[in-house]
Amino acid sequence: MIRNKVKRHLLKLILQGDLQVGQTINLAKTARSLGVSVTPVREALSQLEQARILASIPNRGFIVPKLSLQEIRDLYSAMADLELMAMEQSVYTAKLIQKLKEEQVLLQQSHTNGVRIQRRMQFHQLLIKGCSNQILKQLITDLQARILFYERMLLTDAEMFETTDNQNEGIIRALEEDNLPTAILIAKMNWMHLLEHMEKQLIRQTKVNF
């Protein structure tokens, strides 16, 4: 569907950081750039608003909303719960585990925060690749787009990256041992540890700005 094509395009702009916090999305300009009518663009924007990736502001249209402490808590808690459900419904073949290993190596070899954050998210996408529930996977993908905004602005601590690397390796080892409950537990700890870090970073940033 055209609407889904538009939605993927907008999500890509968000993931790449081409749409900044507070930036208004021009409906007509977006339609022209994609060669479509404004109707599917409006529908895609409405879907992204429902997913809380965008916000609708009277007399301004759709914008990328500002960061908030409550949203951080809601996002990371929801992501942890959804990923847990997806992992429970996943099948982890030797081939998929090998791909996770390869992705983890690429993550560790990344030299900039932006690339590391993107690779980290790709690792988590692979983690639920074996899940057959497509609606659940789409919900997770939608949340990841918003989470990336927060991480690009707040996840800059090298020590934090080292911690998530260790947790990823723990997840892989557990899956190799066919110990899914432990893998799920480590994955949830990963999101909760990140949540704690992101809360502190946003609170610190807010104090500096004031």
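A residue counts as buried when its relative accessible area is under 20%, and as exposed when that value is over 50%. The model discussed here is predicted. By this criterion Asp165 is buried, because its relative accessible area is 8%. Asp165 belongs to helix H8. With residues up to four places away in sequence left out, Asp165 touches Gln104, Leu107, Gln108 and Arg116.

Is Glu103 buried or exposed? Glu103 has a relative accessible area of 10% and is therefore buried. This residue lies in helix H5, and, again leaving out residues up to four places away in sequence, Glu103 touches Arg119, Gln122, Phe123 and Leu126.

These contacts lead to the packing of the helices. Two packed helices are described by the angle between their axes and by the distance between those axes. For helix H5 (residues 94-109) and helix H6 (residues 113-127), the axes come within 9 Å and cross at roughly 170°. Angles over 145 degrees count as roughly antiparallel, so H5 is roughly antiparallel to H6. On the H5 side, the contact involves Leu96, Lys99, Leu100, Glu103, Gln104, Leu106, Leu107 and Gln108. These residues meet Arg116, Arg119, Arg120, Gln122, Phe123, Leu126 and Leu127 of H6. Sorted by class, the contact between H5 and H6 holds seven nonpolar, three polar and five charged residues.

H6 also packs against helix H8 (residues 158-176), and here the axes come within 12 Å and cross at roughly 20°. Angles under 35 degrees count as roughly parallel, and H6 and H8 are therefore roughly parallel to each other. The crossing of H6 past H8 is left-handed. H6 contributes Asn113, Arg116, Ile117, Arg120, Phe123, His124 and Leu127 to this contact. From H8 come Phe161, Thr164, Asp165, Asn168, Ile171, Ile172 and Leu175. The contact of H6 with H8 comprises, by class, seven nonpolar, four polar and three charged residues.

Asp178 is found in the loop between H8 and helix H9 (180-209). Its relative accessible area is 71%, which means that Asp178 is exposed. Although Asp178 is not a glycine, its phi is positive, at about 60°.

The remaining part of this account concerns the strands. In what order do the three strands form their open sheet? The order is E1-E3-E2, and the pairing is antiparallel. Strand E1 (24-25) and strand E2 (55-57) stand at the edges, each with a single partner strand, so one side of each has no neighbour in the sheet. E2 is joined by three bridges to strand E3 (residues 61-63), and the two run antiparallel. Within this pair, Ser56 stands opposite Phe62 in E3. Helix H3 (residues 38-50) lies across E1, E2 and E3, and runs at about 50° to E3.

Notes. Residues are numbered from 1 along each chain as its sequence is written. This is a predicted model: local features need pLDDT of at least 70, side-chain atom pairs count only at pLDDT 80 or more; totals for chains, interfaces and linings use all residues. Side-chain values use heavy atoms; hydrogens and water are left out. Two strands pair if DSSP finds at least two bridges between them. Helices (H or I, at least four residues) and strands (E, at least two) are DSSP runs, numbered from the N terminus. Contact means heavy atoms within 4.5 Å. Axes are lines fitted to C-alpha atoms, for helices over the stretch in contact, and angles run from 0 to 180 degrees between N-to-C directions. Angles under 35 degrees count as roughly parallel, over 145 as roughly antiparallel, 65 to 115 as roughly perpendicular and the rest as oblique. Ala, Val, Leu, Ile, Met, Phe, Trp, Tyr, Cys and Pro count as nonpolar, Asp, Glu, Lys and Arg as charged, and the others, Gly among them, as polar. A crossing is left-handed if the near helix is turned anticlockwise from the far one by less than a right angle, and right-handed if clockwise. Buried means under 20% relative accessible area, exposed over 50%, partly exposed in between (1.4 Å probe, protein chains only).
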